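I am keeping these notes for someone who opens this structure for the first time. Each entry records one thing I looked up and what I found there.

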Amino acid sequence: MLEIKNLRASLEEEGKEILKGLTLTVEAGKVHAIMGPNGSGKSTLSYVLAGRGGYEVTDGSATLLGEDILGMEPEERAAAGVFLAFQYPVEIPGVGNMTFLRTAVNAQRKARGEEEMDAATFLKVVREKAKELNIDAEMLKRPVNMGFSGGEKKRNEILQMAMLEPRVCILDETDSGLDVDAMKLVADGVNAMRSPDRGFLVITHYQRLLDHIVPDVVHIMVDGRIIKTGGPELALEVEKNGYADLIGEAA
Amino acid sequence: MALPQAKLTATEVRLAGLSLPSAPGWTRLAREGALARVQAMGMPGRRDEYWRFTDPADFVSAEPVPATHHARQKIPVFDGMDRVRLVFVDGVFDAAASDDPALAGIEITRLAEAQGQDIHWAADLYGTLEARGQEPVDRPLAALNTAFATDGFLIRATGRAEKPVNLIYRHESDSSDAILHHVIKIEPGADLTVLENGPAAARFNKVMEVEIADGGAFHHVRVQGRDHDRRAATHIFARLGREATFKSFTMTANGALTRNECVIELAGDDGVAHVAGACVGDGADFHHDDTVFVTHDAERCESRQVFKKVLKNGATGVFQGKILVQPGAQKTDGYQISQSLLLDGDSQFLVKPELEIYADDVACSHGSTSGAIDETALFYLRSRGVPRAEAVDMMVLSFIAEAVEEIESEEIRGEIVERLVQWLARHRG
Ligand SMILES: Nc1ncnc2c1ncn2[C@@H]1O[C@H](COP(=O)(O)OP(=O)(O)OP(=O)(O)O)[C@@H](O)[C@H]1O
Ligand SMILES: [Mg+2]
């Protein structure tokens, strides 16, 4: 479903290469996890896939359902089905959460030639999903992420994901900053979305999340490359021994 | 104190086409006094410190620069609201187009008709706050207004007004030159909302004097827009008594030249004065100047100045804002923020924020920033599928929000946001 081949990307300003020939395929219906030391390029990968400016792709490709996404604008990628849950969700004063979410949902529908969701239906759906994620209805009235705690912001990311129903979900450290209960809520939210035509790429530092969202495949990313791929047991190995052995093995 | 020759000449030129009304009635003294002030101060010039960022030439020329009248918007702002409309066309009152002023449940009299009557409260006020506002900075265009105003409204609220009063300024003639002067008195505990909208004239000089007695409240929301060539110099002079409230918000879109001065005197303890503005300007022929002067002369008063400007394609925004805390004005809470969002490299924001404090137990802060759109936030919106142009509009609304939130009425706030949304949609790219 999401195919990344030999992807190389550099910082536009400094020319520093961050992704150094990364290859990875997420099949439909599967959950892939990426683990790797700080600074190995995990967030960069997520940004390059979602279309953030400031990076230059120098080689390789990324396709979603066979369609090249790297040439698309971020909003086009979103409409094509890419979703990124941010490591640091952004606060936007003065823009209501609901207004934003409804604009986003309908913009995507419009881009896909689908009918817009009317206000009443939208409200009903968003309330249901918010409830499942234990997000207070009052919170939804506030401006985007304003005054949300770290954990609330992460849950809000999952709510957006649930509303937008993407084809491939990229979660960048969605577990960080979550308490045990919130982690469970988020995991339930993600699991509820698992389906045969949706793929997940879950970036995390901790095995703990993967107890709840059990991955099909685990990748170890070091210095802009995938150095090892395996099953869930690979995450346990990292948890126990860190990255040193794996890096040594790969060298 | 003799004026420099250039100022003398400029003043002569400006005064040449003006004459005092033939039957000024009780306004005579105020008008003559104002004329004397004009002659002593002279017209503003580019060299005056107070006009460093804004060239007043078009305000003082003998004739106004012609301004094309644009076809009326389909639905004027505030149209859905229950309010009393008082309509001026090129500065001339249009009774046929207006509502019966009595519907507001307060005293409303036209200046042009009142001069022959005996209206004590107005006689005490007309030109008085303007004259006080001439210290410590000259505001000659306001004095010119007091001397030569052709009309305006005298409004006195003794209780809670039943409806907002909406002063509507239509513009039809390309060469109109309008001078209007309103005097508003809010008696103790009374409450009034005044709305203003419309381009008014090719050149518009307007003064509004507002005296708010103890415990009174005055709300003001103004929309200046539409006609690209129009020029406006406006002044608000407000004096607040004990526990009085003054809240003013102005939205400006378009207009070749706008100078909005607001001079506020907090004269009674525990007064609250907020003045806010949002302006959106597109193009090198847009110049918008907010000049604010707040004087704290009593204890425990709160003042807020919140100004946001969105500028693109070479537009210019100016903010000059001062908080003056007089000796003894302890526990003053003064806040001032002026910010611009520059949507391109050609636009500019010129600021002069000032604090002058002569009391020791006060909390005053001011800040000014100028910046581009936050790319991270923009990406966040787009990554959810919001197209770039719409995401930029959202960021603009986000930027302006702090100023718009100064409007207390949710209904009016909604109107203003709606206007902004429409303007932004028309000015993409
Ligand atoms: N805009 C930027 N400017 C400068 N350096 C950057 C920028 N973006 C990323 N980098 C650098 O690129 C490298 C990869 O960063 P990235 O955020 O992708 O790592 P990560 O694997 O997500 O790390 P973490 O686990 O700490 O979140 C780091 O060395 C980082 O400092
Ligand atoms: Mg990261």
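**Entry 1: where the two chains meet.** I began with the area that chain B and chain A bury between them, and in this predicted model it comes to about 1,900 Å², of which 68% lies on carbon and sulfur atoms. Three residues, Phe379(B), Tyr380(B) and Arg384(B), supply 42% of the area that chain B buries against chain A, which is more than any other three residues. I then looked up the residues in contact, and found 17 residues of chain B touching 30 residues of chain A.

Entry 2: For polar contacts across the interface of chain B and chain A, the search gives 12 residue pairs, with both residues at pLDDT 80 or more. Next I asked which helices of chain B take part, and wrote down helix H8 (375–383) and helix H9 (388–404), each of which supplies at least two residues of the side of chain B that touches chain A. The largest share of that side, 7 residues, comes from H8(B).

**Entry 3: one residue of helix H9.** I stayed with helix H9 of chain B to look at Asp393(B), which lies in it. Is Asp393(B) buried or exposed? With a relative accessibility of 10%, Asp393(B) counts as buried. Its side chain makes a polar contact of 2.8 Å with the side chain of Arg428(B). When I set aside the neighbours within four places in sequence, the residues in contact with Asp393(B) are Leu424(B), Ala425(B) and Arg428(B).

**Entry 4: a glutamine in a strand.** I then turned to Gln339(B), which is found in strand E17 (residues 333–342) of chain B, and which is buried, its relative accessible area being 16%. The side chains of Gln339(B) and Thr369(B) are joined by a polar contact of 3.0 Å. Leaving out neighbours within four places in sequence, I find Gln339(B) in contact with several residues, including Phe307(B), Phe349(B), Phe399(B) and Glu402(B).

**Entry 5: strand E1 of chain B.** Why is strand E1 (residues 84–89) of chain B described as largely enclosed by the rest of the structure? I noted that 5 of its 6 residues are buried, and the description follows from that. E1(B) pairs in the parallel sense with strand E5 (residues 165–170) of chain B over 6 bridges, and Val84(B) has Val165(B) as its bridge partner in E5(B). With strand E2 (residues 92–93) of chain B, E1(B) pairs in the antiparallel sense over 2 bridges, where Val89(B) has Val92(B) as its partner. E1(B) and E2(B) form a hairpin with 2 residues between them, and in the turn Asp90(B) has a positive phi of about 50°.

**Entry 6: a sheet in chain A.** In chain A I looked up an open sheet of 4 strands, in the order E2-E1-E4-E5, whose pairing is antiparallel. Its edge strands are strand E2 (17–26) and strand E5 (67–68) of chain A, each pairing on one side only. Between strand E1 (residues 2–11) and strand E4 (residues 55–64) of chain A, which run antiparallel, there are 8 bridges, and the partner of Arg8(A) in E4(A) is Asp59(A).

**Entry 7: a residue of helix H6 in chain A.** Glu152(A) has its place in helix H6 (residues 150–164) of chain A. Apart from neighbours within four places in sequence, Glu152(A) is in contact with Met139(A) and Gly147(A). I also compared Glu152(A) with Asn134(A): the two are 18 residues apart in sequence and 9.3 Å apart in space, C-alpha to C-alpha.

Terms used. Residues are numbered from 1 along each chain as its sequence is written. Chains are lettered from A and ligands numbered from 1 in the order in which they are written. This is a predicted model: local features need pLDDT of at least 70, side-chain atom pairs count only at pLDDT 80 or more; totals for chains, interfaces and linings use all residues. Side-chain values use heavy atoms; hydrogens and water are left out. Buried means under 20% relative accessible area, exposed over 50%, partly exposed in between (1.4 Å probe, protein chains only). Two strands pair if DSSP finds at least two bridges between them. Contact means heavy atoms within 4.5 Å. Buried area is the accessible area (1.4 Å probe) that two parts lose on being put together, summed over both. A polar contact is a pair of N or O atoms within 3.5 Å; within protein, one must be able to donate a hydrogen and the other to accept it, and residues adjacent in sequence count only if both atoms are side-chain atoms.
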